[in-house]
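Take a look at the chain below before reading on.

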Amino acid sequence: MPIAFLNRALGGASRAFDTDVLSWRDAVVANGGSVSLGRLIVVDQFVFSEKAAGTWALTDDYWGFWAENAAQALTSLKQRRLATAVNTPTFTADRDYTFDGSTNSIDTGFVPSTHAVAMTGTSQRIGVYERTNVNAARNAIGCSATASRRMTLTPRSGTAAFANLNTAGGTNGLALWTVDSRGFKAVSRAGGSLTVKGYDRGVVLPDAVAGSVGTTLPEYSVFIGGVNDTGLLSSARASAVGFAVVGAPLSDAQELAQYNAMQAWATSVGAQV
């Protein structure tokens, strides 16, 4: 029977695979990769959970680097955009992409000013799941056009994390991320506010306050493993990244729901930290 018509049990009931998941699988195959039935089930459960929590509609795109093969890892889940591995970061199946902190990165091809649907110039969210504990003043994800048109996230530098979401200046340190960059970290800003919210593994942190904000999204694609600074890799971070997201702000409850769904995916493939 064709996989598109397979049903499977869920809580005593059965349902067909989500059409978005099947479209992602087809994109992976078109990009030269493959998706096993077991992995299709795992990803389908993640998307089911995201849609149930209302987080799918608020997220512009997802990258699950803990994939079975490189083509699967580089094909984004929602917009099905094929990312580019630049200067050969190391791919490890079912785990992550590892970056050298110098020359390699992943160019997601997601340009906020062009491809954002949920994200706006005044409301943004980015998140990244590091699988290694890195203490460095460098960014795991981001893009930058000007000082007030940039989106970046440093999961840990010293005793804080740092973020910019079309913000400049102010107290952008999120001081509760003190000893471990591992796991999922997310930051968001909504409605032109100076307040930057932070989350560590779905748990809300004290707010940070920016000095100024911009209102126009950057026109450069988001990089993983560093920042796309007007077309060039900057602030490269030597880390191993399993997952990344971009989109609009979530509520506290939705942050936790997305983290739980993400962690279930990671645990299913052995990539959890």
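Which residues does A248 touch, not counting residues up to four places away in sequence? In this predicted model, A248 touches L58, A118, M119 and R125. The residue lies in the loop between β21 and α5. Its relative accessible area is 6%, so A248 is buried; the cut-off for that label is under 20%. Now set A248 against N69. The two are 179 residues apart in sequence, and their C-alpha atoms are 29 Å apart in space.

Next, move to T59. This residue is found in strand β3. T59 has 1% relative accessibility and therefore counts as buried. Its contacts beyond four places in sequence are E50, K78, A118, R125, V245, V246, G247 and Q258. A118 and R125 are among the contacts of T59, and A118 and R125 are also touched by A248. Q258, another contact of T59, is one of the buried residues of α5.

Helix α5 runs over residues 252-269 and has 18 residues. Which residues of α5 are buried? They are Q254, E255, Q258, Y259, A261, M262, Q263, W265, A266 and V269. An α-helix has 3.6 residues a turn, so residues three or four places apart point the same way. What covers the buried residues of α5 includes α2 (37-53) and the strands β3 (59-64), β8 (124-130), β14 (183-189), β15 (195-200) and β21 (240-247). After α5 comes G270, with a positive phi near 85 degrees.

W265 also opens the next topic, the aromatic rings. F46, W56, Y62, W66, Y129, F243 and W265 form one aromatic cluster. How many aromatic pairs are there? The count comes to 12 aromatic pairs. Take W66 and Y129 as an example. Their ring centres are 4.9 Å apart and their planes stand at 80 degrees, so the pair is edge-to-face. The angle that matters here is over 60 degrees. W66 lies in the loop between β3 and α3 (70-74), and Y129 lies in strand β8, so this pair ties together parts that are 63 residues apart in sequence. Are these two residues buried or exposed? W66 has a relative accessible area of 0% and is buried. Y129 is buried too, at 0% relative accessibility. A ring can also meet a charge. The charged end of R15 sits over the ring of F48, 4.0 Å from the ring centre.

Finally, step back to the whole chain. Its secondary structure comes to five helices and 21 strands. The radius of gyration is 17 Å, close to the 19 Å that the globule rule gives for 273 residues, so the chain is as compact as a globular protein of that length. The C-alpha trace spans about 60 × 40 × 35 Å along its principal axes. Buried residues make up 53% of the 273 residues. Among contacts with a separation of 6 or more, 65% come from residues 24 or more positions apart. The chain exposes about 9,900 Å², and carbon and sulfur atoms supply 55% of that area.

Terms used. Residues numbered from 1 in each chain as written. Predicted model: local features only at pLDDT ≥ 70, side-chain atom pairs only at ≥ 80, totals over all residues. Heavy atoms only, no water. Helix = DSSP H or I, 4+ residues; strand = E, 2+ residues; numbered from the N terminus. Expected span 1.5 Å × (residues − 1). Buried < 20%, exposed > 50% of the residue type's maximum accessible area, 1.4 Å probe, protein only. Contact = heavy atoms within 4.5 Å. Phe/Tyr/Trp six-rings, centres within 6.5 Å; stacked < 30°, edge-to-face > 60°. Lys NZ or Arg CZ within 6 Å of the ring centre and 35° of its normal. Rg over C-alpha atoms; globule rule 2.2 N^0.38 Å. Areas by Shrake-Rupley, 256 points an atom, 1.4 Å probe, with all protein chains shown as cover.
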